[in-house]
Amino acid sequence: MNFENRNYVFAGVFVDELARAGLRHVCICPGSRSSPLTISLARHPGIQTWVHLDERSAGYFALGMAKSLQEPVAVVCSSGTASTNFHPAVAEAHNDCVPLIVLTADRPPEMRSWGALQTIEQQRLYGIHAKWSVDMPTPEMDPNVMAYVRSIANRGYATAQMTPEGPVHFNFPF
């Protein structure tokens, strides 16, 4: 398969940098909009994937794994209301100082706020429960954007581990 479109390249660069920073485990809740992240994570040789059909269960599985391993674990889902099901685990990660990396897919900015079904505002979705929340830029093949994506991935992984440890959220406009 050749995934040389901008969404897959963008996601691949982000995932590669997370793995380089130390990410070893991710819980995936499959969905069409999150496919660039899911496929990039599944194809990375240094990352073990755990597939869950229920976002709430995946959030708690990732939380328990991060707590047990004492290292950041990521969790990924598609856009819209699916992402709200991570909120209980994000809140608990915040309260218990557990490094969780939350990756949500979203619609691009031009497709937001016009009443499509199952859509919500996802920017800063987890409020005070996320140590840091980033609305990622629209995927582009520009080298400067790719350098930014690498730096943001690295910063996010490091932020999740900084005392007090806690969750970080990346929202991807695919």
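**Ground rules.** I number residues from 1 along each chain as its sequence is written. The model is predicted, so I take local features at pLDDT of at least 70 and side-chain atom pairs only at pLDDT 80 or more, while totals for chains, interfaces and linings use all residues, and side-chain values use heavy atoms, without hydrogens and water.

**Sheet order.** I looked up the strands first. Helices (H or I, at least four residues) and strands (E, at least two) are DSSP runs, numbered from the N terminus. I count two strands as paired if DSSP finds at least two bridges between them. The sheet is open, has 6 strands and reads β2-β1-β3-β4-β6-β5, with parallel pairing. β2 (48–51) and β5 (132–135) stand at the edges with a single partner strand each, so one side of each has no neighbour in the sheet. From one strand to the next the twist averages 20°.

**β1 and β2.** I find 4 bridges between β1 and β2, in the parallel sense. C27 has W50 in β2 as its bridge partner. From β1 the chain passes through helix α2 (residues 35–43) to β2, a right-handed β-α-β crossover. Right-handed here means that, with the strands pointing away from the viewer, the path from the first strand over the helix to the second runs clockwise.

**β3 and its neighbours.** I then turned to β3 (residues 73–77), which runs parallel to β1 (residues 25–28) and is joined to it by 3 bridges. I28 pairs with V76 of β3. On the other pairing I checked, 5 bridges join β3 to β4, again parallel. A74 stands opposite I101 in β4. β3, helix α4 (residues 87–96) and β4 form a right-handed β-α-β unit.

**Burial of β3.** Which way do the residues of β3 point? V73, V75 and C77 point one way, A74 and V76 the other, and all are buried (under 20% relative accessible area, 1.4 Å probe, protein chains only). With 5 of the 5 residues buried, β3 is therefore largely enclosed by the rest of the structure.

Axes are lines fitted to C-alpha atoms, for helices over the stretch in contact (heavy atoms within 4.5 Å), with angles from 0 to 180 degrees between N-to-C directions.

Terms used: Buried < 20%, exposed > 50% of the residue type's maximum accessible area, 1.4 Å probe, protein only.
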